[in-house]
Structures are given as structure tokens and as C-alpha cells.
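Subject: Structure for you to look at

Dear colleague,

Here is the structure I promised to hand over. Please open it beside this email while you read.

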Amino acid sequence: MHSPFETTPATPAIPITFATKTTWAAISKGLSEPARQFGLANDFTAKPGKCLILPAPDGQIAQVIFGIEDDSSKSRDLFRPGSLPGLLPPGLYRFANAPHDVRLATLAFALGSYRFGRYRKAEQPGVRLVPPDGVDVADIMRMAEAASLARDLINTPSNDMGPEELAQAAEALAKRYDASFKSIVGDELVAQNFPLIHAVGQASTRAPRLIDIGWGDTSHPKVTLVGKGVCFDTGGLDLKPSSGMLIMKKDMGGAANVLALAQMVMDAKLKVRLRVLIPAVENAVAGNAFRPLDIFKSRKGPTVEIGNTDAEGRLVLADALALADEEKPDLLVDLGTLTGAARVALGPDLPPFYTNDEALAGDVAAHAKGENDPLWRLPLWPAYDSWLDSKVADINNAPSGGFAGSITCALFLQRFVSDTTRWLHVDIYGWTPSAKPARPEGGECQAARAIYKLLSQRYG
């Protein structure tokens, strides 16, 4: 990602003044009479997201007024300044006064500068910002570059982002930070006891694999990240309708966000022994596809009855989590685009998270709020665990009935984490359905920034 910041400007920067409907009257009184009349002629009232570009006598831009919410607004968007790269003409700008949160506004500016240009030329904004004093630009760019990585991976269609290509992206990241990389491919998954990953991916012409990255000093606390890498999900033999398949290129969003999180951790040189595990598969339809009511023995040992082939993400995560759990890491985190139930409950912008560690839950919630990377805790409700019972196997991957789908998925995964005391599961969406400030439509980086800040606090 090309930096949108100019830390050593050679020319004066155009000031951006943030105004609310409450402060606009006072701000307008401080303008010159022509500028004030220009604002009146344009009916500018500092409505959030609206931009007034004031001309200088020589025709250049004198300053910009940008509307944001009042401090008391319940719908205040701390990323509102992320709209600026798409609104302003090319040039160098600076904040003339403080928005609601200067650091988050600077981050939003960087996130809003993202463009996906793999398949057609994307017009780069050409809008650059002199970062405000006191803002850690290196950390802002660390998060923005990682978000761009996640967005690029998710936005790439499945014909160019299958299991092998996802592994190549992971290997490139490992090489960049001198990390170890290995991949268990195809039938070797069965030989090395990853039967669920193999079962989900066996029908595709593109071999399933388990991606494994290692980085950091072995004396540091072990942190393991697991990401769901279903590069396309047809639903398997329990076939999705065409509308349900439309954006299933994003079903590797957990893997994309885990790689983004790993990039932030390695770039910041956090004092952890990092391991990244990504089961990368395509859930396809063929004569050898796994079937409803098939039964497989998992890596952990319990047998799993297939209640629905479209609940495949939890299957591939189960084997990867079992592997991670064998090492008893200090912290185990998994991210996946897992259930429509999570979207029904909380919508696309607010992923639920699960943990039985109260201190961890509190820290996650605090950092999610502090980074404007929203997350909401849901319970690992013990009473629903019996819904996973099978009459012929140890567990069923998809209980019948439509209740508490995200919770039962989390409870399923919990069965495969028995020895690790600190486990965090996040059911992300990984997609922005309609553009918002700093969040263009398409693939999205969710939960990674909040967890990065959590790790920075604990292991920085």
C-alpha cells in the first residue's frame, strides 16, 4: 500500500476544519465575508459527511470544511474522516482542528485511501495528509497495510484465489518476515491425521492443504492464530442457492484476516512465539464429495456426523484447532466467516466473539471499542451443547433447527480445544455490503486490529 501521508511536506498543506452543526455557526463567523457567502450559496450546514471546499482569491483551494457528528450524537462515526480521500481533489492536506479522535481519524484517512486495482486500473485518490502531531504514523501504516492485505485477498475472485494461491500469499508473507512456512497438501492430510480438512476439500480439483507459519523467539509466550480458508463455498451437496453463493469468494475471510493480524504482529516485533494455521480448501460438488450423514473421525479423536455439508468451516477449523491445542499455547485465537446466524443477530458490522476467560473478554471488548473495530461478546451457553449430540457419532456438525446457530458453532469448536486455557473465537463477516467512511464495499478487515492491540498490550 502506498502511504497516503507526507511527513516532510515541501509545500504548505491545505487546512481541513472539522465542523458540527453546533460549531458551524462559530466557525463560519471566523471566515472572510466571501467565504461565508460561498458557504451560504452552497447551503452548507456541516451535515456529517458533507464537504465544503473554499476557494482562495487566486482560484486555489483555501481550506476545506468537513461535517462530522456532534459529540452527543448516538450515531457518531469516528471513521467519518475516512471519506475525505474520495471527496477531495488531489493535493496535500492537514487537520486544522481536532476531530472526535485524532488517531482514529488519521487511521480512517489511511483506510479510506484503499483501492482494489488487480483487474482494472484503480484511480488512486492522490490525496495526501500531513499527519497530526503525536500520532504514531508507523503504527497507523502497519494497520492500514495489513487491512489492505486482507481486503486484497478477499476481493480476489476464487479463480485466482484457490487453496494454492492462498498458500502462496501466506508463503510470501512468511518470507517477508523471515518466518518458517510449510504446507500439508492433498492426501498427505489423511496420512498426517487431518481427516476433516481432507473430507471438506476432497471434491475440488484444487487440493486442500493446511498452511503452517512459525515466527518469533521460542522463549516467548506462544500465540497461535487459526483462520478459516474456504476459498469458495458452494455449500457442498447441501447446495447453496445462487444468491447464497454470490459472494462466497469471501469465505476465506478468516484466513485473510489472520494473515493481516500476523503481519501486524511480526511487523511490530511483538514478543511472542507466533504460529499461524490456515486450513485452505474449496467446498465443491463432485462424485467424491462428502455427504450428509457421513461420519469422520477427527484429529482430536471424536467422530463427527455430517448434519449439513454447508457447515464445513467448523469442520476444517476443528482439525486445525486440535493441532494448535496440542501445544497448549498461551493464547489461541480463531477467526472465520462461519454463520449466517451471526449476521441475523448482529448484522455485518458487528462480529460476535466467544471466550470463557473473563479477563480476556474484557480486554477484547475494550480494544474493539478503542480501535473502532467493533466486536460483541456472545455466550458459550452450556445448555445448548446437547444440541450437538448425534445418535450414531460423538457429535453432529449442524444441529437441526434454526436456533442459536452462531453459539452452537462456537460450542462445536470448543469440543476441540481442551487443553488451552485462553481461547478466543470470532465469527466475522469479512465483507462490507455497502460503502461507509473508511470501509469501501467489498472485502473487509474485521477483528484483526482489535486483537493486534490486545496482543500489543499483553506482549508488546
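Predicted model: local features only at pLDDT ≥ 70, side-chain atom pairs only at ≥ 80, totals over all residues.

Residues are numbered from 1 along each chain as its sequence is written, and side-chain values use heavy atoms, with hydrogens and water left out.

The protein chain holds 15 helices and 19 strands (DSSP runs, numbered from the N terminus: helices are H or I of at least four residues, strands are E of at least two). Its C-alpha trace spans about 80 × 45 × 45 Å along the principal axes, and buried residues, meaning those under 20% relative accessible area (1.4 Å probe, protein chains only), make up 55% of the 460 residues.

The loop between β9 and α9 contains Thr-234, which is buried because its relative accessible area is 13%. A polar atom of the Thr-234 side chain lies 2.9 Å from the backbone nitrogen of Gly-236. Leaving aside residues up to four places away in sequence, Thr-234 touches Leu-239, Lys-240, Met-245, Asn-283, Ala-284 and Val-285, where touching, or contact, means heavy atoms within 4.5 Å.

Leu-239, found in the loop between β9 (229-233) and α9 (242-245), counts as exposed because its relative accessibility is 53%, and exposed means over 50%, with partly exposed lying between that and buried.

With kind regards

How values were computed. Polar contact = N/O pair within 3.5 Å; in protein donor to acceptor, adjacent residues only side chain to side chain.
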